[in-house]
Amino acid sequence: MATTAELFEEPFVADEYIERLAWRTPGGGSRGGEAFDPKRLLEEFVNHIQELQVMDERIQRKVEKLEQQCQKEAKEFAKKVQELQKSNQVAFQHFQELDEHISYVATKVCHLGDQLEGVNTPRQRAVEAQKLMKYFNEFLDGELKSDVFTNSEKIKEAADIIQKLHLIAQELPFDRFSEVKSKIASKYHDLECQLIQEFTSAQRRGEISRMREVAAVLLHFKVKPEDNICNFKNAKMFVPSQIKCRGINAGNRGLEASTKYEVCFLVLLTCTQILQSYVKDQLEEHRKSDAEQYLKNLYDLYTRTTNLSSKLMEFNLGTDKQTFLSKLIKSIFISYLENYIEVEIGYLKSRSAMILQRYYDSKNHQKRSIGTGGIQDLKERIRQRTNLPLGPSIDTHGETFLSQEVVVNLLQETKQAFERCHRLSDPSDLPKNAFRIFSMLVEFLCTEHIDYALETGLAGIPSSDSKNANLYFLDVVHQANTIFHLFDKQFNDHLMPLISSSPKLSECLQKKKDIIEQMEVKLDMGIDTLNCMIGQMKHILAAEQKKTDFKPEDENNVLIQYTNACVKVCGYVRKQVEKIRNSMDGKNVDTVLMELGVRFHRLIYEHLQQYSYSCMGGMLAICDVAEYRKCAKDFKIALVLQLFDTLHALCNLLVVAPDNLKQVCSGEQLANLDKNILHSFVQLRVDYRSARLARHFS
């Protein structure tokens, strides 16, 4: 069996196991020339199998024995666990009974304590009231005999008594107890001064524990600014209070957690009241006389105070120090912040009016009332449809009455107002106040300046039959467009953050939309400028175009490519197109250029029908129209270019051979035109009366 065990190696592989067994058996392999003996090998295998069977039986008996032992131990363990669970339940029941008993005893003790307190509290109050009556009688007699008032070492007890007497005295009628009330108030003030002096002395000596004791008493007194313990000048008051608190805060590290912030609390309270006095001196000086300086000082003082508050947050002022500091700041500025927005709006209104008036005075211009409303709109519609002058135009002498300097000043004032509004307004009032400032900007920048300039520019548009008219309205539009972009930038940069999360956002956006629509209406009314442009083109054509241009005396001696009238009209149109592009942006450019292009086409179309054309004159007309078409490409409007392409095709009827007229008329560009239009162009030919041409076109 030992030999069999030696054949088991880890990991077990059956093939290798058989090989090792055969190798160990004599005659089982070719070892040292020994011959192979299968019978002996078979015999060895049979014996080995029997050994393995014996080994398997032995191991199986051992496994069964171990399993029985394991089952026995498991039953014993389960039994033991059940016994432990029963013991635990018993212990838990005992614990519950004990807990109920303890609760019962505690309830009895609390009830007994309440009964004792109910008896003791009235007794203590009666004793305390008796003592206060005794001390009050001393003030009533005018002679303080009690040791608590004469012994300086009992100042803490005296302070507690005098505070209570001071509260009682405030409830007494003045006519009967005026004298005693005065005496109590005097003693109250004397003790307060003594405590402040004691606190100052302890602070100089570095006795933090004594400072804590005095501070705990002083917290109940209303410390006045004149009784200050912070010795610093006005101009440097924002720094020493921080330094003072930092030094005391360092000393506070050795104090108990419940009282360690009392010293800083007292210092802050005193310094805050001194700060309130300083703020009052700085603001009251300009409150009624100089609104601009008042607002600047208010913004500066409030900003510096809030910055100081942020730095003081690092000191140990208790768990609710942020609320504490906020209340202190509010107590300082409450009287100025309540009506801040009224002062802001009043100043902004007067300042904006002054900026505008100063500008108009520099131009020696007196603002006039420009007609608006339904009558003015009716006049504009009639003028657009009839080209009739409905009153004299205003000569602006080339002045647009728009100033970048004025706009920058107005926007700068409004920007500062928005900043002050953000800092000084209560969070609940911030959107409303910002909207009021925005309304001021709209009134003076958009209405009083931009809208007035547009109205003046509209009134200054000359009639369409004016010669050499200067079209300054486009300059007004250009500057107004630039200014409005600045206005829109301030709207997004400074107003939107203040109103983005409030209902005022939709109101401001609607107001801005109304302003844009109002200006769009003014631009639409400025369509008279296009009438003037067309009028100028008519004057050029009337002055430069000659009948002999299209019916030359010598057909064989025409040296020009296009007429002089065409050259001047195209030059004028290109300048106006460039001016329109520079003056407007967005869809307005395409809208105005489309309207101008259609009118330009109608003018050239009607102009060409005023002349008769020879063969060479027709060629020259085609060259002119080709030049007009090049000019039309500058418009970059598909409709305008299409109109001039059609006009160019119509001009081909002036030179085409009679036999080809029908073919040309049925071409792609002319097939959809009315026959009367085609006929009208053919009639312009000098050879129209010939029987041959009439026959081919009939």
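**Close-ups of salt bridges and a helix pair**

**View 1. E128, D160 and K164 are joined in a salt-bridge network.** A salt bridge here is a side-chain nitrogen of Lys or Arg within 4 Å of a carboxyl oxygen of Asp or Glu. By that rule, the count reaches 23 salt bridges. Keep in mind that this is a predicted model, where local features need pLDDT of at least 70, side-chain atom pairs count only at pLDDT 80 or more, and totals for chains, interfaces and linings use all residues. Residues are numbered from 1 along each chain as its sequence is written, and side-chain values use heavy atoms, leaving out hydrogens and water.

**View 2. E455 and K522 pair up through a salt bridge, 3.4 Å from N to O.** E455 sits in helix α15 and K522 in helix α17 (residues 504-525), so the pair ties together parts 67 residues apart in sequence. Helices are DSSP runs (H or I, at least four residues), numbered from the N terminus. E455 is buried, at 5% relative accessible area, and K522 is also buried, at 7%. Buried means under 20% relative accessible area, exposed over 50%, and partly exposed in between (1.4 Å probe, protein chains only).

**View 3. R436 meets E342 in a salt bridge, 3.0 Å from N to O.** This pair links distant parts of the chain, with R436 in helix α15 (residues 430-459) and E342 in helix α12 (residues 340-362), 94 residues apart. R436 is partly exposed at 30% relative accessibility, and E342 is partly exposed at 45%.

**View 4. E292 and K296 form a salt bridge, with their closest N and O atoms 3.3 Å apart.** The two are four residues apart in helix α10, which means about one helical turn separates them.
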